[in-house]
Amino acid sequence: MQIIKLTHNNHQQVIDQAIAVLKNNGLIIYPTETVYGAGVDACNQVAVAKLLRYKTRREGKPLSIAVASQEMAKKYVKVNEQAQKLYDKFLPGPYTIISKGKQTLAQGVASEFNTVGVRIPQHQLILELVNQYGRAITATSANASDKKRPYSVDDILNNLSLKQKNLIELIIDAGTLPRNEPSTVIDTTLSTPLTLRGEGVKKKANHSQPLIFVSHSEQETRDIAGKILFKYWEQIKQRGLVIGLTGELGAGKTIFAKGIADFLQIKDIITSPTYTYLKEYSYDRYQVRGCFHHLDLWRLDQTQDAQFLQIEQLLAKKNVIAFEWWNHTKKLLPQVKPDIEVELKVLTTEKRQLKVYEK
Amino acid sequence: MRNKYVFDDQTKKLPLILGIDTSCDETSASVTLGRMVLSNVIASQTNIHQPYGGVYPSLAKQAHQEKIMPVIRLALKRAGVDFVQLDVIAVTLGPGLAPALEVGINQAKKLAHKWHKPLITVNHVEAHMLSVLLQRKSQQMSIKKLLRERTGHPNISINYHQQPEPAIFPVLGLVLSGGHSQFVQINNFGNYEVLGETIDDAVGEALDKVGRMLGLGYPAAPVMEKLARQGDPDKFKFPLPLTTVNDFNLSYSGLKTAAHRLIKSLEAENKLTQQTILDLSASFQHAVFRHLAYKLNKLLEHRKQKNKQQQGKLKKDQLRKNEQQKDKQFFSQVWLGGGVASNINLRQTIRRILRPYNIELQTPFEKRLCGDNAAMIALTAGYKMSYTRKNYLQAQLKDLDRKPSWRI
């Protein structure tokens, strides 16, 4: 491991050295306008594997990439109209724009939904580095998963094991960075941009303002469910998650539940729980084991009946609970407060509108 | 298969089993002797709820808890059996509703402990599938006399599993109920392969839901069956689902949505008259069964082709040998169980599909045995004693836990 101090006049030397390391499957730590990033050649499978060992416990979180220009981004992702607008307005800058991948990157960079987050950092050195290297590098933060945000080289090194330190070949030390928030992540692969992290372009959605998605197929509904859960994965692990689904027959409530199961990597077929009121599926997602409870209290009309199901016992960390017919169920279960409410509406035979209220 | 019971020495060794089922809405207990149903008590909650019309089951845990002992006692009384005489106690372990299952399991554990009886746990879907093997209580034999000689000794022989002859396997098991819809290949007792199943709603569920949209109360499927007889099944056209997918799975969400839209638009135009409801019931039921028949036929056709291919590969002399057993690999029977199995129209539809294949349809000997009941649980426990190696006589009562999503 080598640490080079960045000065006013050694930029090109640093870039040359970094490129040499990247070419040699190496891992570099570099400054950005937000936090320090960990970079490897995003197309190089050996290098990406090294980075994944460094980050540890990714649990399906994708790695975003840093590129130098829009043209370069388009080599790796399909930039749709909505993404294009965001690129024009916000990049370069502290934003990560998620688009569908073109499968030109090494495995493990794209998410399980084959989406890729793209950054164009507002940092002259890095833009120049990527530009000269000619290929995307990974743009994940330099801390190991779950550790302190890295604003200085010490922040990073103090939280690493020896094994992790040995994976680093070069650190570009720009001193302590201004305490800017990590980049805001905006997903443009859905009809409504979903802000996964950060303050967002607009103000943070409050209770009365739902996120609105339009799904054009069952698969898209499943994907939306998966992405919403992905956003809540930390909470699921720590506290569990309760979801209330509302919508008439055929609106896609069970489809949404299937999406939840996809995300949790449940292999069983999710079928309607109307007859048994409750179906229970155990899941194992990246060694996190818990239960998905799928409920349908459509047949119940009395609170005392609902109590029979002992819902309180299901509310536990790592458990995901989804209620179908939530608008009907909430009267029976006043004690249950869902974290997310989803209203599904039939638009046409295939099209569905999903209103997501986050509590 | 429904030959009269031969009461010989072997029969005397048939296991006398108390079965308990609380998998969902029903509390049920039954006593069986081998394949014979001595008693079968179902505290049907559907009877209790019908007067409320539209108010739904009070499935409160208390409902099961209050009923379970009276139901068990009644089952024993009707069978003329005492706890001491029982050989085994059997209970549903899953799949089903967890808190409901728990009531039955706890009670069975208590009884097994109290009376020192082995406890056998049963899969509810397997039991539905085997329910066609249940037999009527023989009228000619004095069961009382037979039972008097019994003291519940555990060293009973279990030869009755040889009936039906193992040669009839493989059999195609068809479980169609409110909670399950599966095609299962039964290679032998305890040896099952799921060939296809519903990917969303169960058959009974689809009927119940659309029935409820039509305002037919709960459960709506039996009402729909009656109404359907007076309606025109061709009046409304429904799509045939999953025709492009090359598997044997069922899907009812599309049909359900189509029905929902149709009912809404009819309501809006004020055209939902009595005759329309009858026609809709008939048409929807027809569509539900048509989908099932389509998939069943596809499955059988596929299996037949596969057999032909295999035979084509065999050499001539082998072929001659195989001549006699050429249908052996093919299903000789279909065993139909589950609540929807009582639907006459469904049975006709299935028979029509089976006829060209020369397959016999077996159904439970009475309607009550189609729905959830404990007789099938007791029966299955009997077979389970013969096919499992596990020594049930040392019941591991402590380790027993419900399995709400147990697959066969």
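A residue is called buried here if 20 or more other C-beta atoms lie within 10 Å of its own, exposed if 12 or fewer do, and partly exposed in between, with the C-beta atoms placed from the backbone. Helices (H or I, at least four residues) and strands (E, at least two) are DSSP runs, numbered from the N terminus. The model is predicted: local features need pLDDT of at least 70 and side-chain atom pairs count only at pLDDT 80 or more, whereas totals for chains, interfaces and linings use all residues. Residues are numbered from 1 along each chain as its sequence is written, and chains are lettered from A and ligands numbered from 1 in the order in which they are written.

Helix 8 of chain B (residues 220-229) has 7 of its 10 residues buried, so it is largely enclosed by the rest of the structure. The buried residues of this helix are B:Ala220, B:Ala221, B:Pro222, B:Met224, B:Glu225, B:Leu227 and B:Ala228. Chain B as a whole has 13 helices and 10 strands, and 48% of its 408 residues are buried. Two residues are taken to be in contact if their C-beta atoms, placed from the backbone, lie within 7 Å. Of the contacts in chain B between residues at least 6 apart in sequence, 76% join residues at least 24 apart.

Two packed helices are described by the angle between their axes and the distance between the axes. The axes are lines fitted to C-alpha atoms, for helices over the stretch in contact, and the angles run from 0 to 180 degrees between N-to-C directions. Angles under 35 degrees count as roughly parallel, over 145 as roughly antiparallel, 65 to 115 as roughly perpendicular and the rest as oblique. In chain B, the axes of helix 7 (residues 203-213) and helix 9 (residues 253-268) come within 10 Å and cross at roughly 10°. Helix 7 and helix 9 of chain B are therefore roughly parallel to each other. Helix 7 of chain B contributes B:Ala206, B:Lys209, B:Val210 and B:Met213 to the contact, and helix 9 of chain B contributes B:Leu255, B:Lys256, B:Ala259, B:His260 and B:Ile263. For residue classes, Ala, Val, Leu, Ile, Met, Phe, Trp, Tyr, Cys and Pro count as nonpolar, Asp, Glu, Lys and Arg as charged, and the others, Gly among them, as polar. This contact of helix 7 with helix 9 of chain B has 6 nonpolar, 1 polar and 2 charged residues.

Chain A has 13 helices and 19 strands, and 47% of its 359 residues count as buried. Its C-alpha atoms fill a box of roughly 75 × 40 × 35 Å along the principal axes. In chain A, 67% of the contacts with a separation of 6 or more are between residues 24 or more positions apart.

Helix 8 (residues 218-231) of chain A holds A:Thr221, which is buried, with 23 other C-beta atoms within 10 Å. Beyond four places in sequence, the contacts of A:Thr221 include A:Ser215, A:Gly252 and A:Arg352. A:Thr221 and A:Phe256 are 35 residues apart in sequence but 6.0 Å apart in space, C-alpha to C-alpha. Helix 8 of chain A packs against helix 10 (residues 253-263) of chain A at about 55°, with the axes 7 Å apart. Helix 8 and helix 10 of chain A are therefore oblique to each other.

Another pair in chain A is helix 1 (residues 11-23) and helix 5 (residues 124-133), which pack at an angle of about 50° with their axes 10 Å apart. Helix 1 and helix 5 of chain A are therefore oblique to each other. The contact involves A:His11, A:Ile15, A:Ala18, A:Ile19 and A:Leu22 of helix 1 of chain A, together with A:Leu125, A:Glu128, A:Leu129, A:Gln132 and A:Tyr133 of helix 5 of chain A. By class, these residues are 7 nonpolar, 2 polar and 1 charged.

The backbone remains. Most residues other than glycine have a negative phi, and most peptide bonds are trans. The bond from A:Leu91 to A:Pro92 is cis, with omega near -5°, and A:Pro92 lies in the loop between helix 4 (81-90) and strand 6 (95-101) of chain A. The bond from B:Gly94 to B:Pro95 is cis, with omega near -10°. A:Gln265 has a positive phi, near 60°, and counts as partly exposed, with 13 C-beta neighbours inside 10 Å.
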